[in-house]
Amino acid sequence: FVESHAIHRSAMKFLTGDDTGLIKVVHVEKQKAERFGPRRKGQAVQRLCWAGPAAAPEAALAVAYDSGALELRDPQGNVLSTASTVADVKCLQACSAGLLAVASDGTGSIVAEWGKADAYSGDPLRYAGGPSAEVEQFQLQAPVAHAAVDPSRPSRFAFGGLENDVKIYDLERKEVVWTAKNVREDSLCLRVPVKVTTLGWATKMCPSRSLITCGTGDGKVRVYDANAQRRPLFELLIGYLVGTGTGGYTGTMDDTKRPQLCSKVAQIRGNDWGLLIADTLGIIREYDLRNLPKSQAATVPPGRKAHLKLANKELPFRRGYKGTMGAIRDIDVHPSGDAMAAVGLGRFAYVFPTKGKQMLSKVYLKQKLNCVLMSSEAMVKPKEEEKTTQEEGEEEHPEEDALVEGGAPETEAAEDEVEEGFSDDEAEMEKNAAEMGGEGARRKRKKQGSDAVQSAMAPRQAAKKTKKSKSK
């Protein structure tokens, strides 16, 4: 019992960044938050990521601020090193060359000293690169709304934005190696606008294909295979036939094409893979990715009913997450795949289980939240389960129950003491029975009295009826 109790003592926690520049560590079980550093005016925290080496990725935390300032902190919140890049960072992730930061104007920055595995020996200061780290910059096509590093090949990343279709940049070759092509014209022969808002890689699920998921600003999800073709395999319209959201302010079905702000491709429920995506209305949806390894390019142009139905089959809707409020700005999944955290403009941080429907935690953090990062600590065992386990352990040793305080054996004649202000169970039951008996007698007497009154009034009512019939 003691060993299993110790296993569940590591509490789940996650980190958030808000508009005032605060970094908060939220403990899920306690529903309490600890913050790092003071508030900074005009220094909103835009991105968070683990920047430790491969042996201990959570040994250091990288922070990107709205002004372009980059910081490397230890788990206690102390600043180890600083760097600077362009303002409005849209991506902050670890890559093969170090730490990658991509700004909205297309400026890419690499901090090579942060997160080097070969220089790590247990002390974060040894791989921090000193108080001020050097930054290597390169230019991408702008604007950039989001970028994502390939988890299977950290030497490349995908990026895109408004009228800037998805592209893959190789850090080793230092050039764009693949460019997506827009879908065909719609039924009115009009060009379909490109509105890339969020990107994700599904290469860990299927290493033989370069699968990219792309959320758009007009409520769609495009799936690309960079190894097969430039155009998307299919285009899913969110809310078509299934997964329709409900407006929180109207309570009715919402058929507006909402921009998708954030997404996450993660392994959920064991070996299952899913796409979590959230919009400006605060609706979080989960789609099943099990069909993507065998998906082929659709022959019907996007926008047709046949294409939309095919997309629903290739990317089926699995479930939604209820209870959120306000636009969701960021989503992160626990490494085990058992929990998901979401933050946004509603100032609440939500934690949902991926296997159940009931929300695990909902913490109010006072400021508008921009990003979230989950730690690898597991969920603490619920107290009810611990109590049940403890009772089972006590039943296995009944001889210990025979001893009371002081070491004397408990006698059979000993009775439970009744504290002052609380009644004994037997006395309370007798009192309730007496009250119920008295109430029943009163009801019986009341009924007998009403019967007597009705019998006394019967001759008068009969005489009145006879008098009315004679007058007629």
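1. Two strands are taken as paired if DSSP finds at least two bridges between them, and the strands themselves, like the helices, are DSSP runs numbered from the N terminus (E, at least two residues, for strands; H or I, at least four, for helices). By this rule β14 and β15 form a hairpin with four residues between the strands, in which K174 takes a positive phi near 60 degrees. The two strands run antiparallel and are joined by four bridges, and K167 stands opposite T179 in β15.

2. A word on the source of these values: this is a predicted model, in which local features need pLDDT of at least 70 and side-chain atom pairs count only at pLDDT 80 or more, while totals for chains, interfaces and linings use all residues. Residues are numbered from 1 along each chain as its sequence is written, and side-chain values use heavy atoms, with hydrogens and water left out.

3. The next point concerns a sheet. Strands of a sheet pair through backbone hydrogen bonds, either parallel or antiparallel. Here an open sheet of four strands has the order β4-β5-β6-β7, and its pairing is antiparallel. Its edge strands are β4 and β7 (79–84), each of which pairs on one side only. From one strand to the next the twist averages 20 degrees, where axes are lines fitted to C-alpha atoms (for helices, over the stretch in contact) and angles between N-to-C directions run from 0 to 180 degrees. Within this sheet, β4 pairs with strand β5 (residues 61–65) in the antiparallel sense over five bridges, and W50 has L61 in β5 as its bridge partner.

4. I23 belongs to strand β2 (residues 23–27) and is buried, with a relative accessible area of 0%; buried here means under 20% relative accessible area, exposed over 50%, and partly exposed in between, with a 1.4 Å probe and protein chains only. Which residues does I23 contact, leaving aside its neighbours within four places in sequence? Its contacts (heavy atoms within 4.5 Å) are L15, T16, E34, R35, F36, V45, L48, L61, V63, Y65 and R73.

5. Side chains of opposite charge can pair when their charged atoms come close. A search of the whole structure finds 19 salt bridges, each being a side-chain nitrogen of Lys or Arg within 4 Å of a carboxyl oxygen of Asp or Glu. One of them joins the side chains of R40 and E71 at 3.0 Å, N to O. This pair links distant parts of the chain, 31 residues apart, with R40 in the loop between β3 (32–36) and β4 (45–50) and E71 in strand β6 (residues 69–73). R40 is partly exposed at 25% relative accessibility, whereas E71 is buried at 8%. R40 also lies over the face of Y65, at 4.5 Å from the ring centre; a charge counts as sitting over a ring if NZ of Lys or CZ of Arg is within 6 Å of the ring centre and within 35 degrees of the ring normal.

6. A second salt bridge joins the side chains of E163 and R191 at 2.6 Å, N to O. This pair again links distant parts of the chain, 28 residues apart: E163 is in the loop between β13 (156–161) and β14 (164–170), and R191 in the loop between β15 (175–179) and β16 (196–201). E163 is partly exposed, with a relative accessible area of 40%, while R191 is exposed at 55%.

7. D288 and R290 form a salt bridge whose closest N and O atoms are 2.6 Å apart.

8. Ten aromatic pairs are found in a search of the whole structure. The rings of Y350 and F352 have centres 6.2 Å apart and planes at 25 degrees, so this pair is stacked; rings of Phe, Tyr and Trp (its six-membered ring) pair if their centres lie within 6.5 Å, with planes under 30 degrees apart counted as stacked, over 60 as edge-to-face and the rest as tilted. Y350 is buried, with a relative accessible area of 1%, and F352 is likewise buried at 1%. Ring pairs link Y321, F348, Y350, F352 and Y364 into a cluster. Over the face of Y321 lies R319, at 3.9 Å from the ring centre.
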